[in-house]
Amino acid sequence: MKRTARRLLWLAAPLALAAPVIAAVTQAGSPSGPSPAGNPLELKYHTPSAARGAQIAASSCQGCHGPSGVSTDPTVPRLAGQVPSYVRLQLAAFRAKLRPSPVMQRVAANLKDQDIADLAAYFAARPPGPAWTTDPALRARGEALFQRGDAARNVIACAICHGAHGRGEDSRGIASVTNMSPGYALKVLHEFKETPSFGGIPHPEAMRIALQPLQDADLRALAAYISSMQ
Ligand code: HEC
Ligand code: HEC
């Protein structure tokens, strides 16, 4: 179930939502803009309150995602330091049942738009947890791919989008990739690589294309590198 989560999300999305998904992505952070009717991924909210997000997180998220969003369970992603636009889009997708995780769909069903914005603001402001320790040789191979790519194999440097620091970019909905466990990072990279193409859905398409030339050994090296980035 987990392995197919993103594939199913992006299979379902374009059937009804290709244009609205783009709208949700490009309008992230401009809550006052006009909303196309019935787009479940577009959120309406006032200036987010991290303090209110902290209260919701303490009662509804901490049990799994850890105190301050620093999960110690390698199968539960860390949310501390994640870019808010990415967290908002994922929570909206869980709530709309477009990204299938039974547990997260159940959690997100109870969240209002304002809750989602407040939670995203809270987690974004938390310091990311400690980096993971990974094999130095594997890590070095991953670092070279991430920072410089491999022109001979058409591998684009991940840093072009995610930044040399790996912390992503909120305005473009680009996720932070640091400090996730090596196992979760590898799982996510395989999911993105194996997601079919749908033309017009910007985010997963960008990741899918970036990952096509890479083999499992490359993905392991990248997972070792990003999980150990400071
Ligand atoms: C019962 C455990 C549980 C609870 C409670 C829970 N989560 Fe999750 N969450 C998970 C798991 C497991 C995943 C990974 C799902 C997957 O593999 O697709 C996840 C994934 C996520 C993601 C996607 C992260 C990414 O990197 O793609 C976000 C965002 C998220 N949760 C936010 C929240 C918030 C906010 C709350 C509280 C309102 C919450 N979760 C409560 C277990 C939980
Ligand atoms: C063209 C821009 C682009 C390039 C190049 C790119 N990414 Fe991404 N990446 C994104 C975007 C956008 C997202 C958020 C996807 C979403 O919204 O589901 C993302 C998401 C991710 C995630 C998921 C984060 C999470 O919390 O689950 C990982 C891991 C990741 N990228 C790693 C990489 C690696 C490793 C490379 C290099 C091989 C790479 N990316 C290259 C744009 C890019």
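This is a predicted model: local features need pLDDT of at least 70, side-chain atom pairs count only at pLDDT 80 or more; totals for chains, interfaces and linings use all residues.

Reader: Which elements give two or more residues to the shell around ligand 1?

Author: Six helices: H1 (5-26), H3 (62-65), H4, H5 (102-108), H6 and H9 (182-194).

Reader: Which residues come nearest to the ligand?

Author: Cys 61, Cys 64, His 65, Met 104 and Lys 187, out of 20 residues around ligand 1.

Reader: And how does that shell split by class?

Author: There are 14 nonpolar residues in the shell, with three polar and three charged ones.

Reader: OK, switching to packing. At what angle do H4 and H6 pack?

Author: About 140°, and their axes are 8 Å apart. H4 covers residues 84-95 and H6 covers 113-125. That angle is why H4 counts as oblique to H6.

Reader: Is the crossing of H4 and H6 left-handed or right-handed?

Author: Right-handed.

Reader: Which residues meet there?

Author: From H4 you have Pro 84, Val 87, Arg 88, Leu 91, Ala 92 and Arg 95. They meet Asp 113, Ile 116, Ala 117, Ala 120 and Ala 124 of H6. Sorted by class, this contact has eight nonpolar and three charged residues, and no polar ones.

Reader: Now H9 and H11. What's the angle there?

Author: H9 and H11, the latter spanning residues 216-227, pack at about 135° with axes 8 Å apart. The two helices are therefore oblique to each other, and their crossing is right-handed.

Reader: Which H9 residues meet H11?

Author: Pro 182, Ala 185, Leu 186, Leu 189, His 190 and Lys 193. On the H11 side, their partners include Asp 216, Leu 219, Arg 220 and Ile 226. By class, the contact of H9 with H11 comes to eight nonpolar, two polar and three charged residues.

Reader: And H7 against H11, at what angle do their axes cross?

Author: Roughly 95°, with the axes coming within 7 Å. H7 is residues 136-148.

Reader: Which residues meet between H7 and H11?

Author: H7 brings residues including Leu 138, Arg 139, Arg 141, Leu 145 and Phe 146. In H11, the residues they meet include Ala 217, Asp 218, Arg 220, Leu 222 and Tyr 225.

Reader: How do the residues of that contact divide by class?

Author: For H7 with H11 they divide into nine nonpolar, two polar and five charged.

Methods: Residues are numbered from 1 along each chain as its sequence is written. Chains are lettered from A and ligands numbered from 1 in the order in which they are written. Side-chain values use heavy atoms; hydrogens and water are left out. Axes are lines fitted to C-alpha atoms, for helices over the stretch in contact, and angles run from 0 to 180 degrees between N-to-C directions. Helices (H or I, at least four residues) and strands (E, at least two) are DSSP runs, numbered from the N terminus. Angles under 35 degrees count as roughly parallel, over 145 as roughly antiparallel, 65 to 115 as roughly perpendicular and the rest as oblique. A crossing is left-handed if the near helix is turned anticlockwise from the far one by less than a right angle, and right-handed if clockwise. Contact means heavy atoms within 4.5 Å. Ala, Val, Leu, Ile, Met, Phe, Trp, Tyr, Cys and Pro count as nonpolar, Asp, Glu, Lys and Arg as charged, and the others, Gly among them, as polar. A residue is near a molecule or strand if one of its heavy atoms lies within 4 Å of it.
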